[in-house]
Amino acid sequence: MREALAEAAFQLFLEHGFERTTVDDIVARAGVGRRSFFRYFPSKEDAVFPDHESSLAEMTAFLEARPDGDPLDRVFDAARIVLRMYAANPEFSVQRYRLTREVPGLRTYELSVVRRYERTLAGYLRRRLGAAPDGSLRAEMIASAVVAAHNNGLRAWLRSGGSGDARLAVEHAFALVREVWAGRIDPLGPPPPPVVALPAAGGADGEVVVMVASRRTPLWRVVQELEAVLAEG
């Protein structure tokens, strides 16, 4: 019944527009009463996003089932649950994306849905990073970065009309998040020690620099410190 109502609603939205479609129109198309509609959907907006409740529930169960392991890998895997939901029905996902671009109210509703995913990821990360310095802050920042990366790649795929592999753009965006946070969110260990750059004797012009850094220090941080030392020289 839930699927039948959602399908009827979406067909009417495409045929007549979201604003001009009423709940009475939807239940008439589905052949049920108003009470049946409100049993499954609190509003018309909810009928546009019928799959998000189950996706959010799956994400929550996934994070609670295995709270161990690398926190960053875990939130990436959780976000992929949402991606698979979109990719499972490209035609519907693209049509919904176009509809939400046309109706400001749906765009606002979609943002509230995205925020629920973000809070779910942040809650998991806070439980994992609570003992770490700035654990709560890191949890919010990482969750925001993962959701932003996921949505950036997903929307690129939706704008293309759902052509190609939705995972490619998303995985590329995840890789950028990993560059920043990988090895920096272990709640059981301290953050990587700073990079130390020391001028060393040697060479005719004294241009030798010795870099001392932890293996867990991101490459960008090493390069940044090296550039600073060379600029001073």
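Student: How many cavities of 30 Å³ or more does the structure hold?

Tutor: Good place to start, and please keep in mind that this is a predicted model. Rolling a probe the size of a water molecule over the atoms shows where empty space is left. In this case the structure holds 3 cavities of 30 Å³ or more. The largest cavity contains about 180 Å³ of space.

Student: Which residues lie nearest the centre of the largest cavity?

Tutor: Look for Val82, Val114, Tyr117, His150 and Asn151, which lie nearest its centre among the 16 residues of the lining. Two or more lining residues come from each of the elements α5 (52-65), α6 (71-87), α8 (104-129) and α9 (135-159). Of these, α9 gives the most, with 6 residues.

Student: How do the lining residues divide into nonpolar, polar and charged?

Tutor: The lining of the largest cavity has 11 nonpolar residues, along with 3 polar and 2 charged ones.

Student: Let me step back to the whole chain. How many helices and strands are there?

Tutor: The chain has 11 helices and 2 strands. Following the sequence, you read α-α-α-α-α-α-α-α-α-α-β-β-α. The chain has 233 residues, and 41% of them count as buried. For contacts with a separation of 6 or more, 63% are between residues 24 or more positions apart.

Student: Now for charges. How many salt bridges does a search of the whole structure find?

Tutor: The general idea is that side chains of opposite charge can pair when their charged atoms come close. Here, a search of the whole structure finds 12 salt bridges.

Student: Where do aspartate 77 and arginine 80 sit relative to each other?

Tutor: They are both in helix α6 and 3 residues apart, so about one helical turn separates them. Aspartate 77 counts as partly exposed because its relative accessibility is 32%.

Student: Which residues are linked with Arg80 in a network of salt bridges?

Tutor: Asp77 and Glu171 are linked with Arg80 in that network. The side chains of arginine 80 and glutamate 171 meet at 2.7 Å, N to O. Arginine 80 belongs to helix α6 and glutamate 171 to helix α10 (residues 166-181), so this pair ties together parts that are 91 residues apart in sequence. Glutamate 171 has 29% relative accessibility and therefore counts as partly exposed.

Student: What about arginine 167: which residue forms a salt bridge with it?

Tutor: That would be aspartate 165, with the closest N and O atoms 2.8 Å apart. Arginine 167 counts as exposed at 52% relative accessibility, while aspartate 165 is partly exposed, with a relative accessible area of 33%.

Student: What does the side chain of threonine 100 reach?

Tutor: At 2.8 Å, the side chain of threonine 100 reaches the backbone oxygen of tyrosine 97. A polar contact of 3.1 Å also joins the side chains of threonine 100 and arginine 101. Beyond neighbours within four places in sequence, threonine 100 is in contact with Phe49, Leu106, Arg107 and Glu110.

Student: Since Arg107 came up, where is arginine 107 placed?

Tutor: Arginine 107 is in helix α8. Its relative accessible area of 25% is why arginine 107 is partly exposed. Setting aside residues up to four places away in sequence, arginine 107 touches Thr100, Arg101 and Arg155. From arginine 107 to tyrosine 97, the C-alpha atoms are 9.2 Å apart, with the two residues 10 apart in sequence.

Student: And serine 93: buried or exposed?

Tutor: Serine 93 is buried, with a relative accessible area of 2%, and lies in helix α7. Its side chain reaches the backbone oxygen of tyrosine 86 at 2.8 Å. Not counting residues up to four places away in sequence, serine 93 touches Tyr86, Trp157 and Leu158. Serine 93 and glycine 162 are 69 residues apart in sequence, yet 8.0 Å apart in space, C-alpha to C-alpha.

Key: Residues numbered from 1 in each chain as written. Predicted model: local features only at pLDDT ≥ 70, side-chain atom pairs only at ≥ 80, totals over all residues. Heavy atoms only, no water. Polar contact = N/O pair within 3.5 Å; in protein donor to acceptor, adjacent residues only side chain to side chain. Contact = heavy atoms within 4.5 Å. 1 Å grid on protein atoms, 1.4 Å probe; cavity = no way out; pocket = protein on both sides within 12 Å on 5 of 7 lines; lining within 4 Å. Points joined across faces, edges and corners; volume = space filled by probe spheres on them. Helix = DSSP H or I, 4+ residues; strand = E, 2+ residues; numbered from the N terminus. Nonpolar A, V, L, I, M, F, W, Y, C, P; charged D, E, K, R; others polar. Salt bridge = Lys/Arg side-chain N within 4 Å of Asp/Glu carboxyl O. Buried < 20%, exposed > 50% of the residue type's maximum accessible area, 1.4 Å probe, protein only.
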